[in-house]
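Dear colleague,

I am passing on the structure below, and would be glad if you could look it over alongside my notes. The notes follow directly after it.

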Amino acid sequence: MCANGWGARFRAADGSFAFAVSGTGTSGMETAVANLVHEGTRATVIVTGYFGDRLAEMCERCGAVVTRVDVEWGRACDPDALRTALKTKAADVVALVHAETSTGVLNPVQQLAAIARDHGALTIVDAVTSFGGHPLDVGGWGIDACYSCTQKCLGGPAGLAPVVFGPRALEKRVKCRSFYFDLRLLEDYWIRRKYHHTMSSTLVCAIDEALAIVEEEGLEARWARHERNHRALVASLSALGCPCSRAKASGSGR
């Protein structure tokens with residue numbers, strides 16, 4: 001159940017539902033949270049910057065009992081911090097940002113998702129800045145729900161949010177209070193062609209071209225190019241004596 005090649009780009013597991021939501025990356029965030037979090041859900045949220053904080057707030061708005069794992073901004077989350085938090089307080093959902101836009105930090109999602117799964121929790125991963133630019137293997141890493149946007153590493157215009165729900169997330173989805181972001185209605189829209197809303201045809205054409213460019217270059221080559229450019233930037237900043245040169249460069253705006 002994959003639309004427009006999203007599932008392959010996410011490297012989603014068999015049985016996943018991959019699609020796009022009309023809106024920016026935050027609409028993808030809300031889709032993931034609103035369909036997996038309800039009143040009383042125990043949510044552990046790793047906060048390494050502004051958008052981790054937004055994830056925590058969104059979970060709270062959906063009624064979750066939120067436990068924050070606050071990490072110094074500019075630092076990645078130590079997997080042991082999550083392991084300790086989950087031993088102290090059980091969670092139904094663990095939510096985190098892969099590449100934190102506000103600080104440029106890349107969190108070790110593969111390790112963090114494995115810890116969450118070991119403790120019986122679903123994982124929600126924000127890949128707004130990383131999708132198409134950093135290695136991301138939703139199926140291989142055991143990520144249950146992941147979302148991104150079209151205007152960052154995919155190189156398309158803003159206005160669509162690619163989202164994927166894995167098999168476990170589809171099984172454990174909750175009744176969504178939002179009509180616009182209701183996964184069941186969106187599934188009807190994408191799979192069974194039942195009307196839900198009017199998606200921008202120009203954005204669909206634009207992202208189709210962006211995905212074709214990704215396909216032509218190849219994901220691994222694209223990841224390597226971003227890594228080379230990152231290292232060149234950091235080396236240049238270091239040569240200039242810039243104190244913030246240890247941070248990875250990421251785009252801004254959602």
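I begin with a helix pair, in which Ile213, Val214 and Glu217 of helix H8 meet Leu219, Ala221, Arg222 and Arg225 of helix H9, a contact being heavy atoms within 4.5 Å. Please bear in mind that this is a predicted model, in which local features need pLDDT of at least 70 and side-chain atom pairs count only at pLDDT 80 or more, while totals for chains, interfaces and linings use all residues. Residues are numbered from 1 along each chain as its sequence is written, and side-chain values use heavy atoms, with hydrogens and water left out.

Helix H8 covers residues 201-217 and helix H9 residues 219-239, and the two pack at an angle of about 90° with their axes 6 Å apart; helices (H or I, at least four residues) and strands (E, at least two) are DSSP runs, numbered from the N terminus. Axes are lines fitted to C-alpha atoms, for helices over the stretch in contact, with angles running from 0 to 180 degrees between N-to-C directions. H8 is therefore roughly perpendicular to H9, a label given to angles of 65 to 115 degrees.

Turning to the sheet, it is open and has seven strands in the order E1-E9-E8-E7-E4-E2-E3, with mixed pairing, where two strands pair if DSSP finds at least two bridges between them. Its edge strands, E1 (17-22) and E3 (65-70), each pair on one side only, and the twist from one strand to the next averages 20°. Within the sheet, E8 (residues 145-147) and E9 (residues 160-165) are antiparallel over three bridges, and Ala145 stands opposite Phe165 in E9.

Two helices pack on this sheet. Helix H2 (residues 25-36) touches E1, E4 (93-97), E7 (122-126), E8 and E9, and its direction makes about 30° with that of E9, whereas helix H4 (residues 79-88) touches E2 (42-47), E3 and E4, its direction making about 160° with that of E2.

Finally, Ala34, Val37, His38, Cys62, Lys175 and Arg177 line the largest cavity, a cavity being a set of points on a 1 Å grid over the protein atoms alone where a 1.4 Å probe fits but cannot get out, and lining residues having an atom within 4 Å of a point.

With best wishes

Definitions and conventions. Parallel < 35°, antiparallel > 145°, perpendicular 65-115°, else oblique. 1 Å grid on protein atoms, 1.4 Å probe; cavity = no way out; pocket = protein on both sides within 12 Å on 5 of 7 lines; lining within 4 Å.
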